[in-house]
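This report describes a computed model of two protein chains. The text starts with the contact between the chains and then turns to selected helices, loops and residues.

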Amino acid sequence: MAAGEFALRPAEALAGGASLEPGLVEQCRRGDAQAFARLVALHEGMVFNLAARLLGDPEEARDAAQEVFLQVYRTLGRFEGRSTLKTWIYRIVVNHCRNRQRWWRRRRKDRSFPIEALTPAEEARLAEQGPRADGPEERLERRERARAVQSALLRLSFEHRAVLLLREVEGLSCEEIAGTLSLPEGTVKSRLSRARDALRCALANGKEVR
Amino acid sequence: MIACGRVRRQLSSYMDGDLEAGPARLVAAHLDACPACAARWRSLRSAVELLAEAPRLECRDLISARVGDRLEVETRSAGLALILRPTWKARPLIFPSLIPAAAVLVVVLGLAFVLDRDPEPLPAVVTRGAESWGPTAASGTESNPLFLSDEVSAPRVRTAAPITDLLAALGEEPFFVETVVARDGSVSTVTLLGGNSLQAGPLLEALRHERFEPGRRHGRPVAVSLYRLISRTDVHAPVT
């Protein structure tokens, strides 16, 4: 990977960062710029991935990720440690993306989709992320699946999309999602059930499901 | 066997393993016996697995660099966001920005102090001779004679100077002479403007004794300058 690029990081890789959190947060609160840079490096992959999936536009996601970390920097003093830093950042990402989508809707920038779907270049890059041994047919199939999943996600409501991504992609428990979205756990479970079914329908017949 | 609708509502919990052992067994038994619910279960699992296996999106740009740049701007120059925040909470951002501002202020004030010294006094304006510049004398007087014009009549000679013999002795060279005829007809001044000054003394002395009928303007006598070219052969008077 060239310098200045971000590697793909599975969500599991972030788990190791949890043990560093208390000291890191304290250093950031004291204004340690290096500590904040480490915090950004630890979470930027997760923030960008979640924002890109929620908004469906890598450019928007890049701007959103930047704003999210600026907000983290400004409000880190209010972080009380009742949840993990990661779930606290998830909450900021979801709230920021929700506000950004509303902003776009108010300006009639979209009709059925919040923001435009992934670009062909983005889809092609996603298709190339599989094993090197894959042949052209497998890469094409993976590309089609990635496109179908993203397209189906964008047909869901923002709330369904958020709960699905937090659960299935980011691997949060229902309890953690409840803390992130400030919802009762039971509400999260019922919403997750409806969101899964909506995704199934969207993938099955391509119809818009709300 | 439990109803299909109830099973389908529990599929999500069944997937997460949230059902108690009893309800979970009932759902499993229903899925074994009901092809429609089994198909729905498979499609639901497939959809969730597709999403879970979707590759993570990668950012090719430097988010951390962009964040760092923005923070540097904020910390160096307090923006509107700082103004809108409580001052005490914004102090980590405000105080560092005050240091360069204070340094710039000190430099500017120092430069202003150095450059604002009183300059060397300018040399006094030379006024020598200015005292002779008094109010101009009234025109038509001996100190400010008039020139001949339509309004000013030429003085007429009453007593000419005996210069014929003098000119014969002075040779062929002509003399250009200004004569100021005073208001009483006498000669106020005689000035040699052209010609040999070494030889012109007797001529000028003779001219001072001339007498004129004074020049007039609006009927009143005025001092008039006469310019004359005098030679041995001719005497031109007056010349203007």
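## Contact between the chains

In this predicted model, 40 residues of chain A are in contact with 26 residues of chain B, two residues being in contact if their C-beta atoms, placed from the backbone, lie within 7 Å. On the chain A side, the elements that give two or more residues are α2 (33-55), α3 (58-75), α6 (136-155), α7 (158-169) and α9 of chain A. By class, this side of chain A divides into 22 nonpolar, seven polar and eleven charged residues. Here Ala, Val, Leu, Ile, Met, Phe, Trp, Tyr, Cys and Pro count as nonpolar, Asp, Glu, Lys and Arg as charged, and the others, Gly among them, as polar.

Residues are numbered from 1 along each chain as its sequence is written, chains are lettered from A, and ligands are numbered from 1, in the order in which they are written. In the predicted model, local features need pLDDT of at least 70 and side-chain atom pairs count only at pLDDT 80 or more, while totals for chains, interfaces and linings use all residues.

## Confidence

The model scores ipTM 0.75 and pTM 0.55. For chain B the mean pLDDT (the predictor's confidence in each residue, from 0 to 100) is 80, and 79% of the residues score at least 70. Within chain B, confidence is highest in α2(B), at a mean of 93, and lowest in helix α5 (residues 80-84) of chain B, at 49. Residues 126-132 of chain B have a pLDDT below 50, and this stretch makes zero contacts in the model beyond near neighbours in sequence.

## Chain A and its helix α8

Chain A holds nine helices and zero strands; helices (H or I, at least four residues) and strands (E, at least two) are DSSP runs, numbered from the N terminus. Of the 210 residues of chain A, 41% count as buried, a term that requires 20 or more other C-beta atoms within 10 Å of the residue's own; 12 or fewer make a residue exposed, and values in between partly exposed, with C-beta atoms placed from the backbone. Among contacts in chain A between residues at least 6 apart in sequence, 64% join residues at least 24 apart.

Helix α8(A) is mostly covered, with six of its eight residues buried. These are Cys174(A), Glu176(A), Ile177(A), Gly179(A), Thr180(A) and Leu181(A). Their cover includes α4 (85-106), α7 and α9 of chain A.

The contact with α9(A) can be described in more detail. The axes of α8 (residues 174-181) and α9 (residues 185-205) of chain A come within 8 Å and cross at roughly 105°; axes are lines fitted to C-alpha atoms, for helices over the stretch in contact, and angles run from 0 to 180 degrees between N-to-C directions. The two helices α8(A) and α9(A) are therefore roughly perpendicular to each other, the class for angles of 65 to 115 degrees. From α8(A), Cys174(A), Glu175(A), Ile177(A), Ala178(A) and Leu181(A) meet Glu185(A), Val188(A), Lys189(A) and Leu192(A) of α9(A). Six residues of this contact are nonpolar, none is polar and three are charged.

## A helix pair in chain B

In chain B, helix α1 (residues 4-16) and helix α2 (residues 21-33) pack at an angle of about 120°, with their axes 11 Å apart. Val7(B), Gln10(B) and Tyr14(B) of α1(B) meet Pro23(B), Ala24(B), Val27(B) and His30(B) of α2(B). This contact has five nonpolar, two polar and no charged residues.

## Loop residues and a strand residue

| Residue | Phi | Location |
|---|---|---|
| Ser182(A) | about 55° | loop between α8 and α9 of chain A |
| His218(B) | about 55° | loop between β5 (215-217) and β6 (220-222) of chain B |

His218(B) is exposed, with 8 other C-beta atoms within 10 Å.

Leu193(B) lies in strand β3 (residues 187-194) of chain B. With 11 C-beta neighbours inside 10 Å, Leu193(B) counts as exposed. Not counting residues up to four places away in sequence, Leu193(B) touches Phe176(B), Val177(B) and Glu178(B). The C-alpha atoms of Leu193(B) and Glu178(B), 15 residues apart along the chain, are separated by 6.8 Å.

Notes
Angles under 35 degrees count as roughly parallel, over 145 as roughly antiparallel, 65 to 115 as roughly perpendicular and the rest as oblique.
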